[in-house]
Structures are given as C-alpha cells and as structure tokens.
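Student: I have a model open and want to talk through its packing. Can you take me through it in short steps?

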Amino acid sequence: MKNLLNLESPLMQMLTRIGDLILLNVLFLICCIPVITAGASIAALHKMTQEIVYETDSSTVKGFFRAFRANFKQATAVWLVVCVVAASLICDYLLIITFFSGSEAVKWMLILLAVLAVLVVCVAAYMFPLLVRYENKLRNHLTNAVILAIIKLPRTLGMLALIAMPLIILTLDLNMFLQTLIFWIFIGFAFTTYMQTNLLKAVFTELEGGKDAVKVGI
C-alpha cells in the first residue's frame, strides 16, 4: 500500500498526469472563449503536452500561460488563416448544395471540398506543434508541415482521426456524443493533444537527431 501511494509509483504518476491533463483542458477551453485567442490556446496546449511527454519539470498553469504569450502572434496568424479557409469551404458547400442540387457534378464537388478540408486539418495538425517547438518563420513552418504531413502519412492519419473524433462521434450517434460530452469538457481535448504529441515524439526525435532534419528545413 505504501508503494502505491509513493509519488514515484506508476499509479501516482498516472493520477498526476490525468490531473495535469484535466487542468490543461480547463485552461484550454477558457482561453478559447474569446475565439480570436483559440490559436494561442491550441499552441499552449501543444507546448504543455510536449512538456508532459518529454517529462520536463514545468508548472502547468504558469507554463500554459507562458507558452500562450510566447506563441500568441504566430499561433493567432495560423488560426486566422485556418478560420478563413474553413469559412470559405463552408460557403462553397452552401453554394454547391444551393445552386447545383440535383446535378451529377455535385458529388465530385463535395468530394473535392472534403479533400481540401482534410488537407487543411492535416497541415494544421503539424503547424501548431512545430511553431511551439522550433523558432522559425511561418512560411518555413508551413513548408515543413506540408512535407511532414506527406512523408509521415501514417502518423498524419492517426492525428487526423484524433482531431476528428468528436465530429465522427457526433455524425454517427448524437446520443453517444451527448453521453461523452463530459469527457470532452473535462479532459478530452487535452487527452487527444497528448496522444498527438506521443505520435509526434518519434518524428521530433528524427528531426533533431537524424538526417531528415536538413531535408525539412528544421
């Protein structure tokens, strides 16, 4: 029993990690409320899950707001671009179903929109982790994100599944989504970001110590 309550025991470490993720999830949601700050909040969440995965000793609250401030400019720029692209895709969708309803071409138009949406999400999935880990210009981050999304396709698909999980559940079963809503409110977003960071750990290790670091411009 004493071993279980030891701070170094696997059980206590797991409980500490869960507590950190719950706290990060709450901070993330609060900082997303103004909407315009959502990009910086996403960046801070990625930074702190990297701290957890790499077992860097850092205060959760102070570390989150430090990362929030440090990456605000670049993260907000990325977020605004994502929002503009998302709004454009939604407008295109509404135009297609309004003016091309019944047309044989509508199916292919919607498929094209879906592909574009997936590409945007895949690139964004790398953009935020890259900008909180490396100092670089946004143009270079974008280039690296596109290259990594392609050459690390299995990990890209894994991250895509994690990001899209709430939408997938909502699409498949509304009742199931409502039942899991408390999970997303308390820990879901931090947990999925933590899983994404675990997927990216091998990628970062390769970039920082392997030959591919030169190829992608890190």
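Tutor: This is a predicted model, where local features need pLDDT of at least 70, side-chain atom pairs count only at pLDDT 80 or more, and totals for chains, interfaces and linings use all residues. Residues are numbered from 1 along each chain as its sequence is written, and side-chain values use heavy atoms, without hydrogens and water.

Student: Which residues touch the most other members of the largest nonpolar core?

Tutor: A nonpolar core is a set of buried Ala, Val, Leu, Ile, Met, Phe, Trp, Tyr and Cys residues joined through side-chain atoms within 4.5 Å. Buried means under 20% relative accessible area, exposed over 50%, partly exposed in between (1.4 Å probe, protein chains only). This core has 41 residues, and those touching the most other members are Leu24, Phe64, Tyr126, Phe128, Leu130 and Leu131.

Student: Which element gives the most to this core?

Tutor: Helices are DSSP runs (H or I, at least four residues), numbered from the N terminus. Those giving two or more residues include H2, helix H4 (60-70) and helix H7 (138-151). The top contributor, with nine residues, is H3.

Student: Why do the buried residues of H4 line one face of the helix?

Tutor: The buried residues of H4 are Thr60, Gly63, Phe64, Ala67 and Phe68. They line one face because, seen down the axis of H4, they fall within an arc (taken from the directions from the helix axis to the C-beta atoms) of 135°.

Student: Which exposed residues does the face of H4 turned away from its buried side carry?

Tutor: H2, H3 and H5 are among what covers the buried residues of H4. The face turned away carries Lys62, Arg69 and Ala70.

Conventions:
Contact = heavy atoms within 4.5 Å.
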